[in-house]
Amino acid sequence: MLTYLFEYLEKQYQFPGATLFRFSTFRAGMAILFSLIIATVYGKRIILFLQKQQVGETIRDLGLEGQKQKAGTPTMGGVIIILATLIPVILFARLENIYIILLIFTMLWMGMIGFVDDYIKVFKKNKEGLKGKFKIMGQVVLGLIVGAVLYFHPEVTMRDHDKNMITEQFTVEQVKGEEIKSTMTTVPFFKNNEFDYGYLIEWAGEETKQYAWLLFIPIIILIVTAVSNGANLTDGIDGLAAGSSAIIVFTLGIFALVSGNIIFSDYLDIMYIPRVGELLIFITAFVGALIGFLWYNAFPAQVFMGDTGSLTIGGVIAVIAIIVRKELLIPILCGIFFAESLSVMLQVGYFKYTRKKYGEGRRIFLMSPLHHHYQKKGYHESKIVTRFWIIGILLAIVTVVTLKVR
């Protein structure tokens, strides 16, 4: 919004300084500044409002140390993250950009699902919240929409790098790369690290590549659902989900910066994605919102994000990764989410298997998700969170290194 205003002033009146608003890095800096201010200053007012409305967390007795003291802590704090992200995005981003539109929709859609879940838990006194099948349905619908937009929308393209060509007159001319529709993505650690989903059905004939969307969209649905649920499971102790997510989103910001810049992408020999540089404004606003929220969510938490926050965070992370064509890096970059989800699947699967075979269920972990296992072992949650953050930083470094290590 402000971008359009300053561009108009520059065009009409040669307004000094308006040119700065052409640069995404300047607008990204303004976005993170505004999101931090909104999350920290106005976040406190939202927490007080939630307390006044008695929007307190209902704690199930899991036998964990310090658990009962958290009863009544305001939840639905994900509203702080959503507002602190969307307001700077509306102010500084180009709202006609298809990727910005997609991310705003993702945040609002997943925020709505999470809000309904928290509302049922708090006001209807139903600890189960929204039924799992409805959550999954909402995630599937989001994945379907995201996949369809990224496959069919004309502005979602890739571009070949500019090349030098020697003419018949032995002069060098630069040939601008052509924008093309593609389902290409990045495979880490391989020299030729670009992979097209169309290759998976190419065996049936060259003409079948036009039906690659039948494979592409279900994969997008799976990724969105998995990452969203992974973030939801990670949100179990103070600061874990918010801090881990900030690390992940910051890393995705690096990928958006280099993938959306023709010079950086050419130097790193990675795919150049036109118009994806605008993501930087959304990402920096999102990082600022997460860090600002962490101010109140760090131990001892003054507010919980609830499913309003955790489902939204996971959905947005998944969509950003897909947009920058780095979704196959998710198992590494989102390793914390992956480990938390895997611990639950292993625990449930092994319990059912042993109950059927031996007549009683057995466990691999003292409790799942994984962070509760370490709580049961006697680790203080602050130590668990800090160590998970360190692991998250290491995984982020490994992810960035894949840009050149092939």
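Guide: Quick definition before we start: helices are DSSP runs of H or I with at least four residues, numbered from the N terminus. And keep in mind that this is a predicted model.

Visitor: Where is Val 405 placed, relative to helix H14?

Guide: Val 405 belongs to a nonpolar surface patch, along with residues including Phe 189, Phe 190 and Ile 390. Together the patch has about 800 Å² of accessible area. Helix H14 covers 381–401, and Val 405 sits in the segment after H14.

Visitor: Is Val 405 buried, partly exposed or exposed?

Guide: Buried means under 20% relative accessible area and exposed means over 50%. Val 405 comes in at 42%, so it counts as partly exposed.

Visitor: How are H7 and H10 oriented: roughly parallel or roughly antiparallel?

Guide: The axes of H7 (residues 240–259) and H10 (residues 306–323) come within 10 Å, crossing at roughly 20 degrees. Angles under 35 degrees count as roughly parallel, so H7 and H10 are roughly parallel.

Visitor: Which residue does a cis peptide bond join to Pro 300?

Guide: Pro 300 is in the loop between H9 (279–297) and H10. Omega is about -10 degrees for this cis bond, and the residue joined to Pro 300 is Phe 299.

Visitor: Is Met 76 buried or exposed?

Guide: Look in the loop between H2 (24–52) and H3 (78–92) for Met 76. It's not a glycine, yet Met 76 has a positive phi of about 65 degrees. Its relative accessibility is 4%, so Met 76 counts as buried.

Conventions
Residues are numbered from 1 along each chain as its sequence is written. This is a predicted model: local features need pLDDT of at least 70, side-chain atom pairs count only at pLDDT 80 or more; totals for chains, interfaces and linings use all residues. Side-chain values use heavy atoms; hydrogens and water are left out. Patches are made of residues with over 30% relative accessible area and no salt bridge: like charges are joined within 9 Å, nonpolar side chains (Val, Leu, Ile, Met, Phe, Trp, Tyr) within 5 Å. Accessible areas come from the Shrake-Rupley method with a 1.4 Å probe; for residues, only the protein chains shown count as cover. A salt bridge is a side-chain nitrogen of Lys or Arg within 4 Å of a carboxyl oxygen of Asp or Glu. Helices (H or I, at least four residues) and strands (E, at least two) are DSSP runs, numbered from the N terminus. Buried means under 20% relative accessible area, exposed over 50%, partly exposed in between (1.4 Å probe, protein chains only). Axes are lines fitted to C-alpha atoms, for helices over the stretch in contact, and angles run from 0 to 180 degrees between N-to-C directions. Angles under 35 degrees count as roughly parallel, over 145 as roughly antiparallel, 65 to 115 as roughly perpendicular and the rest as oblique.
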